[in-house]
Structures are given as C-alpha cells and as structure tokens.
Amino acid sequence: MEDKRDMMPEDEYLKRMSSLPKVKAPDDFLQKVRARIEERPFREKLMHALFVPVRIKIPLEVAAATATLLLVISTLEVTKPAKQLAYAPKSDMAEEAVVGNVSNARLADEFCLKCEKAAPSLEERILAAGGRIIRENAVKDKSGEPYIDVEVPADRYQDFMSKLNDLKVSGKIRIMPVLKEAPHDRNIIQLRIFVI
Amino acid sequence: MSGESIDFDRLVFVIKDKVFNLCFRFLGNYEEADDCAQETFVKVYRCLKNFRGDSSVSTWVYRIAVNTCKNRVASAQYRNNRRAIRLDGPVAGGEDERLFEIGDEKLSPDAQADRNEKGELIQKAIDSLPADQRAVVVLRDIEGLSYEDVAEATGLNIGTVKSKLSRARQELREKLKGLA
C-alpha cells in the first residue's frame, strides 16, 4: 500500500495538471504546414535526381554500371594468379630443402615448380630450354599431384628458368622453392615440376 | 465523416492548438513541439483520404501526434538535444522560458513567476516518465480526453491505459510532493 503522506494529494495533482498553461501554436503554423506539404518527399526527390530525364540518365547509368562491372572483372582476373600462388600447398621436398642440414644447403638453388595440368607447350619448352624429362606424369607424390622430373645442365639453368618464367608471367605455371641435385652428376640439376 | 469530406485547412485551424499543446507537453520543448506538430499535420494531410471515420477526427489526429512524438523521443537527435539542454540549463529569454509566460494575466508578477516555476517543475516531472506513461498522462490529465479516447489515441486497451495512468500519477505525485 502506498504511503500517501509522501505524495501530493490526488485532487491537487489533478488540479495542477489541468491548470497547466496551454501552449498555442504560432500564428503562421498553417503556412508552415502548407510549406512542408509542398516540399517534395525525400523518396520522390531521390527518384527525380536519379532517373529524370530518363532519356539521358538511364543510358548514363547503364554505361556506368557496365564500366564498373568490367573494372571488377579485370581486377579479379589480374589478382587471380597471385591469389592462387599464395594459397598453393608446399611440397614435402621444398620443406626438406628448407630444414635440411648444411651439406644440403646448395639444394636451395633448385626450384620446385608447380604448374597447371599438362600445359601443351610445357614439354616442348623443357626440351627447347635444354632440359631432359626423366620421369613424366607417371607417379603421384604424397600430396597426390602428378609431376614431371626434369634434368637441366647447370650452365643452362638460368636460361631454362627464364623460359619457364615466360610461362609463369602468362599465368600457366607457378614456381616454388627448390628440390634436389642429380646424384650422378653435380653439373646437372634435377627439378620436379608439379602438375596441378 | 470520411477523409474525403474534410477541409484540411479548417481541421488545422480547429485542432492545431490542442495538438501543439499535446506535443509540447509530451516533448517539453517548444521548437521540438512546433516541428512535431507540423509533421503530424503533414502526415494527416497525406493520410486524410484513408481516414474511414471509425473514430472522431480529433482522436485520429491525436493518435498520429502521439506516434510522431514517440518516434521523436526515440530518435538519437532528440536525446542528444535533451542532454545538451540539461547540461546547459534553461536559457534566459529562450523558447523554454517564454512558454511559461503564457498564463492568466490577472495574476500578480510574483504569483505569475511562482506559477511559471511550478509549471516548469511539473513539466520536468512529466519529461521523466516513460513515453507510454507520458502519453496517457498528457492525454487524460492535461488534455482531458476520456479513457476510451486515450485508448484510441495510444493504441492501448482501456485496462492498460488505466494501469499506466495509475503508475504515472503515483510517480508524478511523489515527485511533486514538494509543491503541495
């Protein structure tokens, strides 16, 4: 039950509330309301700004949308190879080279190549660059990817790599760190090219 | 009476002061009340053709006014303004002060000042209520609407109106006990 001694009496409360001064609208109230009614609503203004005159604005908007679309597509195309390279899995052999002992340090000169599946010109390029295919597409390694083992004379290694780099630039292969030396001849470098 | 047969200008002329007072008592600020009352009548104008005459026109307008005021109270801009006003305190000669000059001219200056001060305290107490309670207090205790009309204007049922009104009155009576 409320303690009525701590409250304003109800009849006095009602009297005070009902006798509060009545605030009147300003004299120009109706004019202000009329002016606001005349104002075009925001949605209508927006539609007008966007589409009127239709003959000019629609073609402009279509052109702008097309240009934006082309820009997005071309940006995606340019960044695609870089993204694929960034997410390509490392091979075990590359890891071996990284964590290997000091006597294996020169193996760091060798490269593990990953490329797209059987690019038609890859074998020709390997041969033209002085490389020799010693094992092709036959066995899958632990990662489950087919590969090509290639031997390259050490003195033609730079030339070989630059020719493969042309393919890399055109987006057909990606080059990763390195694998192993030829056991029988230290003047020969063996590369393993993974075919994804 | 349906919306199509209503003369809008005449409606504004007849009801504008009541709507304005409702907005002022709800919002506690003259400029906000002016803006809200105008917005109310703009909405009335745009919806007038949809008015079916289920309730009286004034109750329908009150309902629009109450909803507009509630939206205003809920808006971030209004809350920021209120906070700024409370930090700054009342401005001498400002709109808030001018409101309480409206009164019975037969009162002496002292009595008028006392009445203004008390009116301000009552308004502050009303401002402190939640929006629903504020709406029922303003409509019932200040504007003098019937419970049915209050229910119609607030969209609440009569039981809820009575309950909210009782709670609001209790709170106001506690806050205003010093004036007794």
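Since the model is predicted, local features are kept only at pLDDT of at least 70 and side-chain atom pairs only at pLDDT 80 or more, while totals for chains, interfaces and linings use all residues. Residues are numbered from 1 along each chain as its sequence is written, with chains lettered from A and ligands numbered from 1 in the order in which they are written.

The contact between the chains draws on 25 residues of chain A and 32 residues of chain B, two residues being in contact if their C-beta atoms, placed from the backbone, lie within 7 Å. On the chain A side, helices H1 (10-18) and H2 (29-38) each put in at least two residues; helices (H or I, at least four residues) and strands (E, at least two) are DSSP runs, numbered from the N terminus. H1(A) gives the most to this side, with seven residues. By class, the chain A side that touches chain B has 15 nonpolar, one polar and nine charged residues (Ala, Val, Leu, Ile, Met, Phe, Trp, Tyr, Cys and Pro count as nonpolar, Asp, Glu, Lys and Arg as charged, and the others, Gly among them, as polar).

As for nonpolar cores, these are sets of buried Ala, Val, Leu, Ile, Met, Phe, Trp, Tyr and Cys residues joined through C-beta atoms within 7 Å. Here buried means 20 or more other C-beta atoms within 10 Å of the residue's own, exposed means 12 or fewer, and partly exposed is in between, with C-beta atoms placed from the backbone. The largest core has 47 residues, and B:Val19, B:Cys23, B:Ala37, B:Ala65, B:Cys69 and B:Leu139 have the most contacts inside it. Helix H1 (residues 8-27) of chain B supplies the largest share, nine residues. Leaving aside neighbours within four places in sequence, B:Cys23 contacts B:Ala33, B:Cys36, B:Ala37, B:Ala65 and B:Cys69. A second, separate core of 11 residues includes A:Leu122, A:Val150, A:Val152 and A:Leu191.

B:Leu139 is also one of the buried residues of H7(B). Of the 12 residues in that helix, 10 are buried, so H7(B) is largely enclosed by the rest of the structure. Just after H7(B), B:Gly144 takes a positive phi of about 75°.

Over in chain A, A:Asn187 sits in the loop between strands S5 (180-181) and S6 (188-195). A:Asn187 counts as exposed because it has 9 other C-beta atoms within 10 Å.
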